[in-house]
Amino acid sequence: MFFNSLAFALFLPPVFALYWWLCAKSVAKQNALLLLTSYVFYACWDWRFLFLLLFSTFLDYFTGLQIHQSERVAKKRFWFWLSIGVNLGFLGLFKYYDFFAVSFAELFQGFGLSVSPFLLKWLLPVGISFYTFHGLSYVIDIYKGRILAEKNPVDYALFVSYFPLLVAGPIERATHLLPQIKQTRKFSFSQAQEGVYLIVWGLVKKIVIADTCATYANAIFDHADSVNTLSLALGAVYFAFQIYGDFSGYSDMAIGISKLFGLELLRNFNYPYFSRDIAEFWRRWHISLSSWFRDYVYIPLGGSQGGKWMQLRNVFAIFILSGFWHGANYTYLFWGFLNALYFLPLLWQQKNRANLESSKLPWNLSGLRIVLNILATFALTCIAWVFFRAKSMTVAWDYLYRLATNGNWNSEFLANRRYNFELLSLIVLFVAVEWRHRNQMQPISGKYAWLKLGLCFAALLALGTYSDYKSFIYFQF
Amino acid sequence: MKSFLRYIGFALLLLVGIAVLLDVVYTDIYSLAKDRWKMEYVLHTPAQQYDVVILGSSRANNHFVPELFEKQGLKTFNFGMSGSHLFEDALLLELLIEQKNSINYVLLEADLNLSNEKRDEGTTARYLPYLRSNSTIRSHYQNEPEFPYWYYLPFYRYMAFESQIGFLELMKTVAHEPSSSLSNKGYYPLPSHKKGNMKNDYRALKLRPNRYYQQIKKLCAQHHIRLITVTTPVCENVKGMAYFEKVTQLYPEIHNCEDFVNQDRYFSSCGHLNDAGARLFTQKIISKFFPKK
């Protein structure tokens, strides 16, 4: 049940109605309803994996309580590592086992030893990376004494399984979401209206921008050996907007849907393509994952403390882990590695926190420099996206090699029977709208909101891609 | 909560209003178009006198050269449409007759398409703008499961078929950008491909009486149009060649012309002749069915 499906459009209104009419007076009833709804939502994907979700929830709930209640450090440590081990074990088994088995077999073959590895070929449970990280952060926070264990199993289960964030995030923190879950929610018109705006803008990003870019990006990536330099460059740009529209659109919808139920989720994107350097990009892209790795990996490893080499090790560790989190493929690992390389000069010159403020564009030379920095950062990001999108490292290198050597800059008629300029005009319009509203969550609210809402509806109806349905990219992670 | 429900109500009204407005605009623009697609040409050009009207799928569109018929003094138009099935061909013939075109012969390609009674999505899309204004088109699609959505939900048909009749196509129509479909009197020549797929497997095709072929036969008989039905060539490397024999067994009036051209150098892909092949094939068809008097 995708957020942009008819099934979801029929699913959401009754849940909303039951939530605010039947359960409005009791937070316990509201939570129970949301939990039940979340399980129905998840079971619509594949009911078999519901048992895995239930087990993971129970494990973290139980171990959390044990850590909290244990007085001896050794006992706390036992329950902590049990939770970490089982969580990562499941993730490893479902997501990474086949990759490591094949990689080891290839390594042995390199030494002349023939090995036929045993492969599981299991289907990846949808959302496993997201709900595992929810659970991990909860257990780590209890172990570190940042929060107390949650005693109410329904409240805890809702924190892990809340349907707007269950399958593709944002990755929530117990410190942020659990207190909201325990509080009585009162309906707020402005919050719900903001939710509607976010849902509509998320749909525009997904259906108008991401899915349209996808047909062009696919036409180019699938024929990368025969198209010219201009098309290859644009292919990377289209994929950049595809993945941004797809994932940030999903996040906007998730946050918007949650606002309808009076719960605020963490912001996941903050106009990342307007970043002036790669450090700023990573403060604005998939914020909930970046901050998760910062808080639970980077800082425990020493963070920016210690010598330059230690800092370097820590930076490479989180970027490579972040790449690997996306999937078991060398392309994701290299994508993470490449981003770490981009980060390196900033770290070395201690400029990684140079651009913390939102960018303003004065009409002078410094404004021009900002634009050039934004374009340079975007270009670097696009190169990295080629590795993220390509099926293998060889395909990615071939893509970039042809991009650099073909030298033909004529506009081509693509395999999807479209010309590049048709999509470019749409992207330019989208970028202009985002730039104009870069200091707010979405561009609809404020003056002329009805007009802007109408324009979004018109864009959805007339410019959306409906004939070639595409799932959300991050569902595979 | 009441104000939110009122707000949602207004938002939904706005959405429906925009959908109605867009539907009207799109339908009006397409209802005036005649430069881009064959059914538009049929609907929006004055009645003509045709000696030969060619119907069929891409295997008609790419195989019959009207220019060669015209050299014989036969006014001809190739209404073959890439991807179309007999479902849409029957409708196009009905529209041609309804528009008072005079037709002496219908030259119909009926071979692989006989095994399919379903609609073709791409060709169907071109008809959908006329669903409300043309009763023939409406009644032809009335039994399709999605018909109520196409007919009653404003703008739904343009969303469901956006790659064919969506915004980009609308812009091209507004700009009167000609498409290749009406050039060369409807014939679309194919180039030779060095890497063309020169093999096919027809063993899975299930031949059965086709109701739209029957409808074409009935229309021709009712309007005194002489119907010539032919099969067209495929490359040599085909599995299930017996299919063509089954066609003539089921419909003895169908002329098996599959072997009129048989060297791979005349093919663009296994099921489609290149321009040289199409010209050779057309010459043989003319010699057989339209000999000089």
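Q: How exposed is B:K185, and how should I read a value like that?
A: Relative accessible area places a residue between two cut-offs: under 20% is buried, over 50% is exposed, and partly exposed is in between. In this predicted model, B:K185 has a relative accessible area of 33%, so B:K185 is partly exposed.

Q: Which residue does B:K185 meet in a salt bridge?
A: The idea is to look for a side-chain nitrogen of Lys or Arg within 4 Å of a carboxyl oxygen of Asp or Glu. Here the partner is B:E70, with 3.9 Å from N to O. B:E70 belongs to helix α4 (residues 66-71) of chain B, while B:K185 sits in the loop between α11 and β4 (200-201) of that chain, so the pair ties together parts that are 115 residues apart in sequence. B:E70 also counts as partly exposed, because its relative accessibility is 29%.

Q: How many salt bridges are there over all chains?
A: A search of the whole structure gives 29. Some residues are joined in a network: B:E67, B:K71, B:D275 and B:R279 are linked by salt bridges in this way.

Q: Let's turn to chain A. What does A:K182 pair with?
A: A:K182 forms a salt bridge with A:D155, and their closest N and O atoms are 2.6 Å apart. A:K182 is in helix α8 (residues 174-182) of chain A and A:D155 is in helix α6 (residues 153-161) of chain A, so this pair ties together parts that are 27 residues apart in sequence. A:K182 is partly exposed, with a relative accessible area of 41%, whereas A:D155 is buried at 6%.

Q: And A:K205 and A:E434: are they buried or exposed?
A: Both are buried. They form a salt bridge too, with the closest N and O atoms 4.0 Å apart. A:K205 lies in helix α9 (residues 189-221) of chain A and A:E434 in helix α17 (residues 420-436) of chain A, so the pair ties together parts that are 229 residues apart in sequence.

Q: Where is A:Y332 found?
A: Look in helix α14 (residues 330-348) of chain A. A:Y332 counts as buried, because its relative accessibility is 11%.

Q: How do I read which way a helix faces? Which residues of α13 in chain B are buried?
A: In helix α13 (residues 242-250) of chain B, the buried ones are B:Y243, B:F244 and B:V247. Seen down the axis of α13(B), they fall within an arc of 100°, so they line one face of the helix. The face turned away from that buried side carries the exposed residues B:E245 and B:Q249.

Q: What do the buried residues of α13(B) pack against?
A: They pack against three elements of chain B, namely α3 (58-61), β5 (226-231) and β7 (255-256).

Q: What surrounds a buried loop residue such as B:H85?
A: Start with its place in the fold, then list its neighbours. B:H85 lies in the loop between β2 (76-78) and α5 (86-98) of chain B, and B:H85 is buried, with a relative accessible area of 17%. Not counting residues up to four places away in sequence, B:H85 touches B:N116, B:K118, B:R119 and B:D120. A polar atom of the B:H85 side chain lies 2.8 Å from the backbone oxygen of B:K118.

Q: How is the size of an interface given?
A: The size is often given as the accessible area lost when the parts come together. Chain B and chain A bury about 2,200 Å² between them, 77% of it on carbon and sulfur atoms. In chain B, the residues that lose the most area to chain A are B:M1, B:F4 and B:Y7, together 30% of what that side buries.

Q: Which contacts cross between the chains, and which elements supply them?
A: Across the interface of chain B and chain A, two residue pairs are in polar contact, and the count of salt bridges is zero. On the side of chain B that touches chain A, α1 (2-31), α9 (156-160), α10 (162-165) and α11 (167-174) each supply at least two residues. The largest share, 13 residues, comes from α1(B). The residues of that side divide into 18 nonpolar, two polar and two charged. In all, 22 residues of chain B are in contact with 26 residues of chain A.

Conventions
Residues are numbered from 1 along each chain as its sequence is written. Chains are lettered from A and ligands numbered from 1 in the order in which they are written. This is a predicted model: local features need pLDDT of at least 70, side-chain atom pairs count only at pLDDT 80 or more; totals for chains, interfaces and linings use all residues. Side-chain values use heavy atoms; hydrogens and water are left out. Buried means under 20% relative accessible area, exposed over 50%, partly exposed in between (1.4 Å probe, protein chains only). Helices (H or I, at least four residues) and strands (E, at least two) are DSSP runs, numbered from the N terminus. The arc is that of the directions from the helix axis to the C-beta atoms. Contact means heavy atoms within 4.5 Å. A polar contact is a pair of N or O atoms within 3.5 Å; within protein, one must be able to donate a hydrogen and the other to accept it, and residues adjacent in sequence count only if both atoms are side-chain atoms. Buried area is the accessible area (1.4 Å probe) that two parts lose on being put together, summed over both. Ala, Val, Leu, Ile, Met, Phe, Trp, Tyr, Cys and Pro count as nonpolar, Asp, Glu, Lys and Arg as charged, and the others, Gly among them, as polar.
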